Structure formats: C-alpha cells, structure tokens
Amino acid sequence: MTAGGTTLASALAGEAALVAGALAVLAFDLTGARNWAAGARWRAATTLGGVAVLVALTLVWRVGAAGPAAGGSFMLDALGTASRAGILVLAGLTLALTNGARRLRHPAEFVALVLLATTGLLVMAVAQQLLLAFLALELASLSLYVLAGFDRTRPESAEAGLKYFLLGGLSAAFLLFGFSLLYGLTGSIEFTAIAAGLAQPGLSPLLAVALVMILAAFGFKVAAAPFHLWAPDVYEGAPPVAAALVASASKLAGFTLLVRLLWPGLGAVAAGSGLPGWLPVVALISAASLLLGNFGALAQSNLRRLLAYSAIAHAGALLLGVMAAGAAGPGPLFYYAATYGLATVGAFGVVSVLDQAGVGPGITDLAGLHRRSPLLAGCLFVFVLSLAGIPPLAGFVGKFLVFAAALRLGGLHSPAGVLAFAAIFLSAVALYYYLGVLKAALVTATTPDQETCITVPVSAAVTLVAAALLLILLGLLPSALLGLFS
Amino acid sequence: MQLSATHLWMIPALPLLAAAIGSLTPRGGRQLAAGTAIAAMLGAFVLSCGALVTALAQPAVHGYANFAWFTLGNEVVRVGWLLDPLTAFMAVMVTFVGALIFIFSLGYMKEDQNFTRFFCFLSLFAAAMLGLLVVNSLLLLFVCWELVGLASYLLIGFWFHKPAAAAAAKKAFLTTRIGDLGLLLGLLWLYHVRGTLLCYDGGAGVLEQGSLTALAGTTVAGGFALSTAIGLLIFCGAIGKSGQFPLHVWLPDAMEGPTPVSALIHAATMVAAGVFLVARVYPLMLADQALASVPVHALTVVAGIGAITALLGAAIAVAQNDIKRVLAFSTVSQLGYMMLALGVGSWVAAIFHLLMHAFFKALLFLGAGSVIHAAHHEQDVRRLGGLGRRMKATFATFAVGTMALAGVPFLFSGFWSKEAVLHAAHAWPVSSLPLLVGLVAVVLTAFYMTRLITGIFLGAPRTDAAADAHENSAVMTGPLLILAACAIGLGFIGTPAWPWLQSNLGGIVVELESIWEAPGLMLLSIGLVVTGLGAGWAVYGRRRNVNASSVDPLAQAAPGLFAVLAARLGFDEFYAATFGRANAWVAALADGFDRRVWGGLVSLLARFGEFSGLLNREADEDILNRGFDRASAAVRGAGQTYSRAQAGETHGYLRTVALAFVVFALVLLLGGVR
C-alpha cells in the first residue's frame, strides 16, 4: 500500500518506535527493574523512553517531507516534519526533566503514558483525515488526563485530572459532532475531498454549527478563551512535568492539526463573499484569549497559574498566526508554537525542580532564587523573557513574525490588524507580570527561612541549560527553523 | 610560494590578530603577548615574501582586487588591495625590520611592567602600517594612515608618566594632524571630482590615464592644474608624517618613546610612509609635468621641501648631544633626501634609499638602544664614552650603520642609494640647487656621525654609568648583527652594475648608463664623505682628557652658530611664539566669549528649563502619574475581578463552554448566513 512513494510503515515508523518504547519501558520495569530502588527505576525508565524518542526523531527526520501517504490519510509535508520533530524534542525535554520526580510513584507507567501521548500528538501532526485526527487526538488526550492526575499524594492532582477529563469529554463530543456534520455535508472524511466538496455550496447554517463545534473543541485543546477554564486548575494541580507536556507538545500538535484542518480543508469557507466564515470566530476567540489571558495573569500569585494564563494569552497570539497562515504559510505559526513550547517546558522544568526542593508554589516563594540557585534563576530569566518576547530571544522573533504576517493580511484596519495591534499593546501588560516573576527571583532578597541552596539534578540542569541555549540560538538564527518552510 | 592580490589582506590581518590577542592578555601573560606578536610578524614576513614573488613575476603590472565595502544610498563605496613591486618591497622591509625590532624589544623592555601592552601596541602599529601598504583605495589608505598615527601616539607616550613623553606624544599627534588635514582635503577634492578613490580600477581608477588627463586638463584658482592642487594637498600629509620642513618639529621629540619604537616607527617605517604615499600617487604628481603654463609643478615643490629638510636636519644634528636626537635629525635629513629624489623625478631612487635607510637607521637606533640599555638609560653623548671596548658587538654594528649612513663607498648600502639620489638630482633640468644642497648634507652627515660614534665608543668613560656598561644579551645583539649584514649586503641589489631593484620597482629595464654618465659626481661625493669623516675625526677623534662638562670644540670655535643649531634653529620657540601664542589668544577669546555670551545664554535657557521642569513635575505628579497609577490599578483590578469569577467550579466551566458555543454559533448564524 503505497501512495506518493511512501509506505505506511516508513511514514509511521516514528510512532511505532514510540509505542515499542512504551512497551519496553513497562516490560523492563516489570522484569529487570522490579526490585530496584525508586531512583534507579526512574533512571531506567526515562533512559529507555529517551532512547525511544531519539529513535523516533531519527526515523521521522529520515522520512522527511515525502508527500501524502496511505492513500492521503497522512500528509508528510514540511509542516508535518517540523511539527513532529518539534513535538519529539519537547517530549524528550519533558522526559529528561521527569527523571528524579520523586513524588510520583510508578515511573514506568508515567514514562509509558508520556510516550503514548507523544504518539498521539505525532499522528495529529500529520493526520489529513477526520477519523484519524479524532483518534490521534483522543489517544493523546486520554494519556494526558491520566498524566494530569498522576500525583496521588496531592488531591489537587486528582482534581486536575478529573476536571481535565470532564471538559475534555465535552470537547471531544463537540469535535465528534462537528466532524460528523462535516462528513454529512461533504460525504468525505479526507481534508482534500472535504475542501473540494465545500468549494461549491459555500456556508450553510449546518456548516456554521459544525465549524463552531470544531473550533470549540480545538479551543479547548489549545486552551483558548472561553474554552480555557480548565487550564489554570490543571496547570496548577498536575505534576509540573505533565503540565509541561500539556502546555508545549500538546499545544504544538493542536495548532498543527488546526491549521491543517482550517486552511487546506475548510479554507473555502474562511470568509465567504459577504458572509462571515470561520475567520471571525477565530478572531473572536483570539481576542478573548488575549484579553482574558493577560488580565487574568495579572492577578495571579501562583507561578503555575500565571503560566497557565500566559499560555491562554499565547494561544490568542497563536490563533492570529492561524488566521495569517492562509497567506503567509504555517512558518510563523510553527516558529511561535515551537519556541513558546521550549520556553514553557523550561519554565515548568524550573517549577518542577523547585517543587522537588520543597519550595512553595507562590511567586513570592521565588525570593532570593539568584542566591539559592544561580543556575535556576538564570534559566528562568531566559525562559520568562522569551515568553515576554524580549529580543534577542526566540519569543520576540516568534511574536514579530506572527504579528507581521497578521498585519500584512489587510493592514491596520482589518480585524487581524486590529488584533495584532491589541496583542502588541497587551504585551506591555504581559511584561508587568513576567517582570514580577523575575523581580521575585532575581531582585528580592532571601528571607531567613530560605537560606538553603537548591541542588539541581544533573539531568534537569543539562536540560534547562539546553533549552535556554536553544531559545537564544533560535532567536539569533530564526532562519534555522523558518528555512524548513521555504 | 605565491600570494595574489586577493589574499593580500592576510598580511595586515596577522599582526591585527596578534594585537587583539595582546589586548586581551592580562599583564602577566608576557610570553603569550610577545610570542603571538613575533609569530604574527614572522608569518606576515613569509606572506610578504610570497607577495614579492608574485609581484616580480610581472613587475610592470598593478595587480588589484576590488570589492564593494558598503552602499550609501546609490553610492557604492568600493575598496581593494593592490599588489605591485612597490607594495611588495615595502611589505617585506616592514615585516623583516619589524620582526627584528620585536625580538630586540624582548630584551629592551624586559623590566617594563606594561610589557604585554607594549607588544599589543607594536602589533597594532604593524597591522596599520602593512594595511597602508597593501590597500588599493586612498580612503582605506587614509584610515590606515590615521591608525599608524594613533599607534605612534600611543607608543611615544608609552611612558606617559614622564611629562616629557606625554607632551611629545601630544605634539606628534597634533603636528601630524595639520598635514593630515591637507591630505583629507586632497582626498575629498579628488573624490568630489572623480567619484572614486580607488587607485587602479580597470581604467577608472584615480591613478590611471583617463583620470590623470582630466585632472591635468582642469585649471583651478591661481592657474594651477587641478592635479597640482590635489597633489600638493596630498603632499601635505607626507610633510606631516615624514617630518619634512616646516612640520619636522615633532620627530625629534618623539624620541621620548622607547628606543625600539624610535627604531621601528620613527626611523624605519612610519616616517617613510610619506615617501611611500608620494611614490604611490606618483602618476598624479607627474600629471602636470607636460603643462608649460602652470605657476609651479607639484614635484618642484616636493624637491624644494626635500632639499630644505635635508640640509636643515643635517645641520641641526651636528649640534645635538642626545644620541637619539642626533639620529632623529639624521632621519629628518635622510627623509629630505628621499623627498628630494621624488621631486627631481626619480621615485625609484627615493624608494631605493628608503629601503636601505630603513635597515641601517633601524640598526643605528637599535645600537643606540643597546647603548642606552647598557648605560642605565644614559643617552647624553657627553656622559658616555669608551664603550667600544666592552660592547664590541654593538660598537662594530654601530660602526657599520654609521658608514652606511655616511655613505662610505662601495661596501655599504647607503652609498649606492645616496649615489642614486644625487645622480637623479644631477639629471634634473630645472635647477641644480637640490644637488648642491645634497652634496653639502653629505659632508655634514659624515661629520656628525663621526662625532657621535667617537663620543659614545672611543676615549675614556666620562661617567660611572658609562664605565659600568656591559654588552647586552644575544636577544638584543642578534638583531643588530642581522641588520648590520643587511646594511652591508643589501646595497648590491641596486648597484649601477646590476640595477635589479630599480628595474623591478619601475617595471622597466634601467640602462646602465645613468650613474656612469657623471663619474665626476661620484668621485666628488666620495671626496666629500672622506672630508666629512676626516673633519669629524680631526675635531673629535683625537681629543684627550675630556670630561662630561667639557665644552664642545665647535662651540668653542663658533659659539653663536653652535648655540643656534643646538637650539634647533629655534623652530619650537618660533612656533610657540607665533602659532602657539595665536592659538592661546584665540582660545582665550573663545573662552571669554563662551563664558560670557554663550554661558549667559545657556544659563538663561537653563533657568527657563528649570522653571518648565518645575511646572512639568507638578503636572506629572498630579495629573499624569496619578492618572497612570489609577489606570494601572484599574487594570490590576480587572484581573482580580476576573480571577474571582473563575472559582474552580467544574459545573460552571461546563456551562461556560456550552454558552460560548451557543454565542459563537449565533454570531455566525445571525451574521448573514442564508
């Protein structure tokens, strides 16, 4: 079964490697490592998982942009390759940070779930068919629900898992309903065929309902307002490494699938002649996310909740990139999502290390971090400034690319232009709460009960420094990522 | 090994790299700084030899590699590298002499605290000097020209804690700046007229025929040809840098710097840059020769300035007592010779003399450095004496340098190059004055050098410092021996019997006739050298029972003349009384004007500013700040309000999602769906 010269086996070799890796992790933990100490089991599980991710990365990179595969169910294009590679890198960083998360029991299960979730995310990034997209999304989501509720020592974690699951269930229902309406309208589940089917009749009330349902589901997936309500609770309650995966790789995969569904699939009804297509809805969601995310973050005293609101605000900016992707291509959107993911994984990595060291979750608990661990403070500095979009870090370049693409759509007077302008304005608000975090970490003096130094595990230190260096490098050489799309 | 024009930049790049490393080396990294500097210089020497091989393959061709440097509006500024025998010979000389002087400095500067900085500055100088040689653009040449000036400033003032050194550095910088202003004006004018400053550019360069014809054909104020005016302005730069009359006053003072610096910068290389510059733009200087109706030819001015400087320097050198000052005025005089040769139409003779002079004058300065180092920094001839017995290597090599400078016949390089200059002056149809001046200077040169060498090395030690002097280590005598070998041997590349250098420099086969045409002239000049040496020996060589306070025999014979010469003809006093006074007067006037008129105005403005600032502050505190604070509070309040709305209740969340779906669907449906 070949299409475009790529066999299904080679197209999905990366995903296969991850599944094999997940099984190997479980099997080894049950046999070889059964009587090992917890630390050794963690090391074994994360090492095996890391190897699986590396193998998958090589396989995915080797297949490259080979064109449609498996009769058009998959689309192996530049976006797919870049997105899969990005997801794997983010998942790999998450795994490296996981090593030594002492609070969590059952290391093998945790790592296996991370690998399974990553598998789902990988398929999402290349799926070009409604059914496949839904299955991949569900595989990823179910794994993530469990990961969010994995910390059984804290009731917040269970609450987070439950909330995530309940809202996820609702959004899955929306998505499935929307997909079935779409199938009913066009008679096909493949994006290309759907596009062909929609080209003629244009927007109908039924299609409008389907569109809103799909957008609501994706709004949930990428934590965009007003479907974002789960995010602060989940980010706060879930184990930090699980939250890192939810905020980074899952977001990147969600945006990849969304842009692939909206532009090649539903591009015909983006903005019908005289009729509002899905573009205005996306614009509304984007505006709501930008406003609620930035203003909500202002009031937070908990670093994880702040990161959640920052994620919502970034989702708004990313939706701008989705709107612009029709004209500017997916390059700016991917660059933004990937580098945002890096910064978020880094920030949650710092949170995770602090969590294990017994530092409280509040922003004020960061006081004197520069004395207690200069490494953590320095890395946090880079991550937070990148989230805030300060040059020369990658976050700035991402914002610049997306806003420039949005402004080119129709100038300052178009909705996208106004939104871009609002987003730039809200960046100033964002700077306030980001700098508040840095002020606590870098300026405020330690209180007497915070005198101890924080020891950072070697794997976490290496991972954080690597992520920080990547952010600086990608900021200085944006063409390294953007070149994939030219 | 070959090095084409495209890769010529590597020659200055090596010392520049060494300077960068040196600047980052902490004070303790003496070996690193000196090692990289010397290694870079040796590397540059090897590359320069490669460039020479390449250039000699086609001596008549100006090889160049041009490229766009940057774009300003529609104007593309192009620069490039230029490889011809002139460049290559100069580069080989600079790197060779430079490397030897770097090695000598290892010994001479051994005790200095700022050893690493010294080598950093030396490398910077070498980079700038080599850059000046290899560029094909007068713009880049000017940049390097100013950089060598900067390096010279830094190195003259290297011992800046000595007030004399600091003052000398300032004087050198300001005096050469006067000449550089002329050079800059000339270059600007040239760029204005021709739209480029590239020397050679496939027919479009400023030194090529089309440009020269246009420049010579244009007449400017006073009946001068445009080429004459621009040429003379460029020559102003050469006057300043090469210590020509009337801007020669800085060069003797520059001897306050460490002696290796005097040898490298203020004898062998930088001061010769003016001669090189005129030789580089020689086609421009020649452009007005064919015109009959101009008031003066550019080269005539060059010859006149050169002749005056040659005589003046030699005369003043007779009455100086500081070793380095004698040599400095000797340098002024020899540079005058070179300018004279340029002026009378033989740039080949000028460059020949430049190259030979670089070797033997570096030798003399290093010899002087060796003496000074041995004699505990005593450099007054009257307080030395009798060093010849204990410093045999220094004495022998200094004697070789002296004979080369004096032009002792046949064996020494200075003889052949000086003869070339004198014969060129002899062949000049315009006037025989330069020749006369040159011949008088020959006698004076031989005389003052005899006086110097007898004073230092012969007789009995006149002070304890002189009595205590001992020969220096091999790291200092080694370069002396090598340079002495060059001072003897190198002359043979330019003898009339085998004019290899001349024919390759000019890219033409020089006929053997030139120097034999006037055999009487050669005999005359040999006779004059013998006269000078004999007179020197007669006056100074047989003195007995002298001590440090003995009066000079010449001062006894002609006290007035000697005093005037010893006071360097009063140039410094004259400048201080005229330009210095005028400057001080203008400065005082400007100061008063500044304080009273402008100062009053400014303080009035300041009052107004203070007042408006006061108003502004009030407005700011009461209106803007409070408003901004209130807005910020409102923004934070909005956040608080909103976060209170999200209370963590899952039912509420689900309801919100459903509500949002309905709202969005209604927006789409009511928004005009059919």
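Trainee: Before that, what kind of model is it, and how do the labels work?
Mentor: This is a predicted model, in which local features need pLDDT of at least 70 and side-chain atom pairs count only at pLDDT 80 or more, while totals for chains, interfaces and linings use all residues. Residues are numbered from 1 along each chain as its sequence is written, and chains are lettered from A and ligands numbered from 1 in the order in which they are written.

Trainee: What are the ipTM and pTM scores of the model?
Mentor: The model scores ipTM 0.84 and pTM 0.59.

Trainee: And what average pLDDT does chain B have?
Mentor: With pLDDT being the predictor's confidence in each residue, from 0 to 100, chain B averages 84, and 96% of its residues score at least 70. Residues 509-513 of chain B stay under 50, and for that stretch the model has 5 contacts beyond four places in sequence; two residues are in contact if their C-beta atoms, placed from the backbone, lie within 7 Å.

Trainee: How many helices and strands does chain A have?
Mentor: Chain A has 21 helices and 4 strands, where helices (H or I, at least four residues) and strands (E, at least two) are DSSP runs numbered from the N terminus. For chain B the secondary structure comes to 27 helices and 2 strands.

Trainee: What percentage of each chain is buried?
Mentor: Of the 486 residues of chain A, 61% count as buried, and in chain B buried residues make up 52% of 674. A residue is buried if 20 or more other C-beta atoms lie within 10 Å of its own, exposed if 12 or fewer, and partly exposed in between, with C-beta atoms placed from the backbone.

Trainee: Switching to the interface, how many residues of each chain are in contact?
Mentor: There, 31 residues of chain A are in contact with 24 residues of chain B. On the side of chain A that touches chain B, helix 7 (155-186), helix 9 (205-221), helix 10 (230-237) and helix 13 (279-298) each supply at least two residues, and the largest share, 7 residues, comes from helix 9 of chain A.

Trainee: What classes of residue make up that side?
Mentor: By class, the side of chain A that touches chain B has 26 nonpolar, 3 polar and 2 charged residues. Here Ala, Val, Leu, Ile, Met, Phe, Trp, Tyr, Cys and Pro count as nonpolar, Asp, Glu, Lys and Arg as charged, and the others, Gly among them, as polar.

Trainee: At what angle do helix 13 of chain A and helix 26 of chain B pack?
Mentor: They pack at an angle of about 95°, with their axes 7 Å apart; axes are lines fitted to C-alpha atoms, for helices over the stretch in contact, and angles run from 0 to 180 degrees between N-to-C directions. Helix 13 of chain A and helix 26 of chain B are therefore roughly perpendicular to each other, given that angles under 35 degrees count as roughly parallel, over 145 as roughly antiparallel, 65 to 115 as roughly perpendicular and the rest as oblique. Residues making this contact include Leu292(A) and Phe295(A) from helix 13 of chain A, and Val635(B) and Tyr642(B) from helix 26 of chain B.

Trainee: Within chain A, how are helix 8 and helix 12 set?
Mentor: Helix 8 (residues 191-199) of chain A packs with helix 12 of chain A at an angle of about 40°, their axes 8 Å apart, and the two are therefore oblique to each other. Phe191(A), Thr192(A), Ile194(A) and Ala195(A) in helix 8 meet Arg260(A), Leu261(A), Pro264(A) and Gly265(A) in helix 12.

Trainee: How many residues of helix 12 of chain A are buried?
Mentor: In helix 12 of chain A, 16 of the 17 residues are buried, so it is largely enclosed by the rest of the structure.

Trainee: Back in chain B, which residues of helix 20 are buried?
Mentor: In helix 20 of chain B the buried residues are Met476(B), Thr477(B), Pro479(B), Leu480(B), Leu483(B), Ala484(B), Cys486(B) and Ala487(B). What covers them includes helix 3 (85-108), helix 15 (347-374), helix 16 (392-406) and helix 17 (413-426) of chain B.

Trainee: Last one: is Leu385(A) buried or exposed?
Mentor: Leu385(A), whose place is in helix 17 (residues 374-388) of chain A, is buried, with 22 other C-beta atoms within 10 Å.
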